[in-house]
Amino acid sequence: QVQLVESGGDLVQPGGSLRLSCAASGTIFSVDTMAWYRQAPGKQRELVATVTSGGTTNYADSVKGRFTISRDNAKNAVDLQMNSLKPDDTAVYCCYARARRLGSVYTDYWGQGTQVTVSS
C-alpha cells in the first residue's frame, strides 16, 4: 500500500507564507507525477500545481508567481511553498501522487488533506 501524509496547514494572515509538505510511504517502486490540489467549501476541487519526476512544473493561473512546487525524488516527497497568500487561497490542500508498487501498474494516490486558512 502507498500512503501520502501532508503537513504544514495553518491559519495565516493575508500576505503571509506557508509551506506544505507531503511524503509518500509504503512499498513504492517508482513515482511519476506529484501534485497539489485544493478544495474550498462549496467549490470543486482545483489543481494547484504539478511536478513530474523530471522536474517539469505546471501551475494554475491563480497561483502563478506566488506558489512554488518542488519534490525530492529520493524521499518521494513534494512541497508547496505558498507566498503572498490571499483569502481566496483558503481551502483543504491535498497531495497527489501517481505511483506504482513493484510488479504493479501506476495508480493514483491521495492524501487526506491539510487545512489552509488565510484570514486576518
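Leaving aside neighbours within four places in sequence, E6 is in contact (heavy atoms within 4.5 Å) with S21, C22, W36, Y93, C94, C95, G111, Q112, G113 and T114. This is a predicted model, where local features need pLDDT of at least 70, side-chain atom pairs count only at pLDDT 80 or more, and totals for chains, interfaces and linings use all residues. Residues are numbered from 1 along each chain as its sequence is written, and side-chain values use heavy atoms, with hydrogens and water left out.

**E6**
- E6 lies in strand β1; strands are DSSP runs of E, at least two residues, numbered from the N terminus.
- E6 is buried and has no salt bridge. Buried means under 20% relative accessible area, exposed over 50%, partly exposed in between (1.4 Å probe, protein chains only). A salt bridge needs a side-chain nitrogen of Lys or Arg within 4 Å of a carboxyl oxygen of Asp or Glu.
- The nearest side chain of opposite charge, R45, is 10 Å away.
- The E6 side chain reaches the backbone nitrogen of C95 at 2.9 Å.
- A polar atom of that side chain lies 3.0 Å from the backbone nitrogen of G113.

**Positive phi**
- N76, in the loop between β7 and β8, has a positive phi of about 50° although it is not a glycine. N76 counts as buried, at 19% relative accessibility.
- S84, in the loop between β8 and β9, also is not a glycine and has a positive phi of about 50°. S84 is partly exposed, at 41%.

Key
Helices (H or I, at least four residues) and strands (E, at least two) are DSSP runs, numbered from the N terminus. Lys and Arg count as positive and Asp and Glu as negative; His and the chain ends are not counted. A polar contact is a pair of N or O atoms within 3.5 Å; within protein, one must be able to donate a hydrogen and the other to accept it, and residues adjacent in sequence count only if both atoms are side-chain atoms.
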